[in-house]
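The model is predicted.

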Amino acid sequence: MKYGMIATWRMAVEGITEAAKDLNNGATAGDAIEKAIKMVEDYPLYKSVGYGGLPNENCEVELDAAYMDGNTLSIGAVGGIRDFKNPISIARKLSEERFNCFLVGTGAEEYAHKNGFERVNMLTDRAKQFYEKRRKETIEKGLSPYDGHDTVGMISLDTEGSMVAATSTSGLFMKRRGRVGDSPVSGSGFYCDSEVGGASATGLGEDLMKGCISYEIVRLMKEGMTPQQAADTAVSKLHDELTRRRGKSGDLSVVCMNNKGEFGAATNIAGFSFSVVRDGEEPQVYVCDKQENGVTTYEPASQEWLDAYIKRINSPVTFD
Ligand code: SD4
């Protein structure tokens, strides 16, 4: 396998499709992943990442992102950053810093401003409508404000064998101001080592962090497991531990790829989708079933599923 990319959710497929063309022309894993994630961040209808991301309980969009170079193990990350267009690019820039490479809040914003990153109001009218709708439902029906949210997490492998992992998210919808999830936290939302492979997670950050799940997957691959075995083992162990000790586990979904381009995915929820592209293969979206007896099964998304997805993300926000 010469190159490959894997990412959480269907929303990443356009980005990895474009970035794979660059990988095919010799682009680095870092340039490819930044391009692919920027495409997700910039698309206003993806309501969990970048522009159009869903706000916190004060109706402010606070974004988390991270970038990890699997050759040098350099990490850059931002937490709770407001009003900057591409958090992934800021995280990548921070990965060049020896010190102060993980910045949050106003410190992250000052850094981004000083380094010439573009300031943009990231709250869209549509995201505001979702906020109003959810606030109403939460008050009237007692729903959890946190249900239903996606993060983009990605791994890329280039023709030189270099690997990068990256994430970008608006975190949990209606989160507390200042809340930072797993996505910018090394070992939890992402981890990458070009000598082994990379992993990334999506789901309930508070629970994903309890198992440092991305690091665990890379560690298991290093011990000799296939990516699929490593993903399934890490998810089932954490799910079982949390259930045993706390009575329940939040959503845990992961993707991973090793440095041969072999990939794996695992989840404890039904309907987790992920996107993969590898050289010589067409980009593909897969949809998973909930893991059973420690095994996750998935199959290529049907045309019907893909059409329903497009319809859903384009449909107007309605209030009952
Ligand atoms: C977080 N893991 O901030 C993110 C949210 C997410 O699917 O991925 N939801 O906790």
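## Two loop residues with positive phi

The loop between strand E3 (75-81) and H3 contains Asp-83. Although Asp-83 is not a glycine, its phi is positive, at about 65°. The relative accessible area of Asp-83 is 29%, so this residue is partly exposed.

Cys-212 belongs to another loop, between helix H6 (205-208) and H7. Cys-212 is not a glycine either, and its phi is positive at about 40°. Its relative accessibility is 39%, and Cys-212 therefore counts as partly exposed.

## Helix H2 and what covers it

Helix H2 runs over residues 29-42 and has 14 residues. From its first C-alpha to its last, H2 reaches 20 Å, close to the 20 Å expected at 1.5 Å a residue.

Which residues of H2 are buried? They are Ala-29, Gly-30, Ala-32, Ile-33, Glu-34, Ala-36, Ile-37, Val-40 and Glu-41. An α-helix has 3.6 residues a turn, so residues three or four places apart point the same way. The buried residues of H2 pack against both helices and strands: helix H1 (13-24) and helix H3 (87-94), together with strands E1 (4-8), E2 (63-69), E5 (152-157) and E6 (163-169).

## Helix H5

Helix H5 covers residues 125-141. Just after H5, Gly-142 takes a positive phi of about 70°.

The buried residues of H5 are Arg-126, Ala-127, Phe-130, Tyr-131, Lys-133, Arg-134 and Glu-137. Helix H9 (303-314) is included in what covers them.

## The crossing of H7 and H8

Two packed helices are described by the angle between their axes and the distance between the axes. For helix H7 (residues 213-222) and helix H8 (residues 227-246), the axes come within 8 Å and cross at roughly 135°. The crossing of H7 and H8 is right-handed.

On the H7 side, the contact is made by Ile-213, Glu-216, Ile-217, Leu-220 and Met-221. H8 contributes Pro-227, Ala-230, Ala-231, Thr-233, Ala-234, Val-235 and Leu-238. By type, the residues of the contact of H7 with H8 divide into 10 nonpolar, 1 polar and 1 charged.

## Two buried residues

Is Ser-236 buried or exposed? Ser-236 lies in helix H8. At 15% relative accessibility, this residue falls under the 20% cut-off and therefore counts as buried. Leaving aside neighbours within four places in sequence, Ser-236 is in contact with Gln-291 and Gly-294.

Val-276 is found in strand E11, which runs over residues 273-278. Its relative accessible area is 3%, so Val-276 is buried. With neighbours within four places in sequence left aside, the contacts of Val-276 are Met-5, Ile-6, Ile-16, Met-257, Phe-263, Glu-282, Pro-283, Gln-284 and Tyr-286. Ser-186 is 90 residues from Val-276 along the chain, and the C-alpha atoms of these two residues are separated by 22 Å.

Terms used. Residues are numbered from 1 along each chain as its sequence is written. This is a predicted model: local features need pLDDT of at least 70, side-chain atom pairs count only at pLDDT 80 or more; totals for chains, interfaces and linings use all residues. Side-chain values use heavy atoms; hydrogens and water are left out. Helices (H or I, at least four residues) and strands (E, at least two) are DSSP runs, numbered from the N terminus. The expected span of a helix is 1.5 Å times one less than its number of residues. Buried means under 20% relative accessible area, exposed over 50%, partly exposed in between (1.4 Å probe, protein chains only). Contact means heavy atoms within 4.5 Å. Axes are lines fitted to C-alpha atoms, for helices over the stretch in contact, and angles run from 0 to 180 degrees between N-to-C directions. A crossing is left-handed if the near helix is turned anticlockwise from the far one by less than a right angle, and right-handed if clockwise. Ala, Val, Leu, Ile, Met, Phe, Trp, Tyr, Cys and Pro count as nonpolar, Asp, Glu, Lys and Arg as charged, and the others, Gly among them, as polar.
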